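Colleague: I would like to learn how to read a model like this one. Please take me through it feature by feature.

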Amino acid sequence: MAWAVIPAAGAGRRFGAALPKQYHEVAGRSVLEHSLRAVLDHPDVDGAVIAIAADDPHWPGWREVGGKPVLSCIGGGERADSVLAGLQALPATVDESQWVLVHDAARPCLHRDDLARLLEAGGADAVGALLAAPVRDTLKRAGDDGRSVGTEPRERLWRALTPQLFRRGGLTRALQAALAAGAAVTDEAMAMERMGLKPRLVEGRDDNLKVTTPADLALAEFLLAGRGK
Ligand code: CTP
Ligand code: MG
């Protein structure tokens, strides 16, 4: 059994629209609703907390989606602050040792098979796990002048995706420690790594994209339409 925390408090600066990207419609629903329904779809996910921006006029105020409870809380200045706020807003019945899935509001194309494999592999792991995709492109290191000075071996490099699955207590402490140290943690696994832990990498589909620019929205539309949901 797990609860989900969905950070949805970003302003979407790179997207560059007045309406934050998580509220744009794609394949008949908002990006946020797709992301939320994708995690609630699994029978082991009991409910979700969504971290939204203070005074967000677009938040639809859901209390329940797909028959499961949905809570909301106010996020913070960085993604990690929003995730921490979400963890703190989980119901008291979710104890320290319970699994929490953290999933970006901006990832509407999560596939149910990936979620199932993450819950299975991560739930059996002492530390926890994240979905990740192997790097496929050749990687170049740039010099100060912007010219290529070398090629990085990509064999062991992965792109971190979400959801990421960790225990409520361990993740809370790891994020608090990272924030107290002023470390810019861009995902949950990084906070756990700073504690000396090694999250498990669970290979996920390449098309679990994070909507960052308007072009990504068109791609998400195409991917979701192709799945017929
Ligand atoms: N997020 C959040 N709180 C923040 C920043 C980000 O909850 N202070 C959320 C976003 O809403 C998004 C996810 O974290 O669902 C991933 O962040 P990102 O893709 O960077 O979204 P934004 O920060 O909104 O976009 P940008 O960086 O272009 O401004
Ligand atoms: Mg951001």
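Colleague: In which strand does glutamate 152 lie?

Modeller: Helices (H or I, at least four residues) and strands (E, at least two) are DSSP runs, numbered from the N terminus. Glutamate 152 belongs to strand 10, residues 148-152. This is a predicted model: local features need pLDDT of at least 70, side-chain atom pairs count only at pLDDT 80 or more, and totals for chains, interfaces and linings use all residues. Residues are numbered from 1 along each chain as its sequence is written, while chains are lettered from A and ligands numbered from 1 in the order in which they are written.

Colleague: Is glutamate 152 buried or exposed?

Modeller: Count the other C-beta atoms, placed from the backbone, within 10 Å of the residue's own: 20 or more is buried, 12 or fewer is exposed, and in between is partly exposed. Glutamate 152 has 11 of them, so it is exposed.

Colleague: Which residues does glutamate 152 touch?

Modeller: Two residues are in contact if their C-beta atoms, placed from the backbone, lie within 7 Å. Not counting residues up to four places away in sequence, glutamate 152 touches Leu139 and Arg141. The C-alpha atoms of glutamate 152 and arginine 141 are separated by 6.9 Å, although the two are 11 residues apart along the chain.

Colleague: How should I read the sheet, and what is the order of its strands?

Modeller: Two strands pair if DSSP finds at least two bridges between them. Here an open sheet of 8 strands has the order 5-6-4-1-7-11-8-12, with mixed pairing. Its edge strands are strand 5 (64-65) and strand 12 (200-203), each pairing on one side only.

Colleague: How many bridges join strand 1 to strand 4?

Modeller: There are 7 bridges, and these two strands run parallel. Isoleucine 6 stands opposite isoleucine 50 in strand 4. Strand 4 is also joined to strand 6, by 5 bridges, and that pair runs parallel as well. There, alanine 48 stands opposite valine 70 in strand 6.

Colleague: Which pairs run antiparallel?

Modeller: Strand 7 and strand 11 do, with 4 bridges; tryptophan 99 has arginine 167 in strand 11 as its bridge partner. Strand 8 (residues 128-134) and strand 11 (residues 158-167) also run antiparallel, joined by 6 bridges. In strand 11, glycine 128 is partnered by phenylalanine 166, and alanine 133 by arginine 159.

Colleague: What about the side chains along a strand?

Modeller: In a regular strand they alternate between the two faces of the sheet. As for cover, strand 4 is mostly covered, with 6 of its 8 residues buried.

Colleague: What is a nonpolar core, and how many residues has the largest one here?

Modeller: It is a set of buried Ala, Val, Leu, Ile, Met, Phe, Trp, Tyr and Cys residues joined through C-beta atoms within 7 Å. The largest has 55 residues, and those with the most contacts inside it are Ala2, Ala4, Ile6, Val39, Ala48 and Val100. Not counting residues up to four places away in sequence, alanine 48 touches several residues, including Trp3, Leu36 and Val70.

Colleague: Which strands does helix 2 lie across?

Modeller: Axes are lines fitted to C-alpha atoms, for helices over the stretch in contact, and angles run from 0 to 180 degrees between N-to-C directions. Helix 2 lies across strand 1, strand 4, strand 6 and strand 7, at about 145° to strand 1. Helix 2 (residues 79-88) is mostly covered, with 7 of its 10 residues buried.

Colleague: Which residues of helix 6 are buried?

Modeller: They are Asp216, Leu217 and Ala220. The arc is that of the directions from the helix axis to the C-beta atoms. These residues cover an arc of only 100° around the axis, which puts them on the same side of helix 6. On the other side, Ala215, Ala218, Ala225 and Gly226 are exposed. The buried residues of helix 6 pack against strand 2 (25-26).
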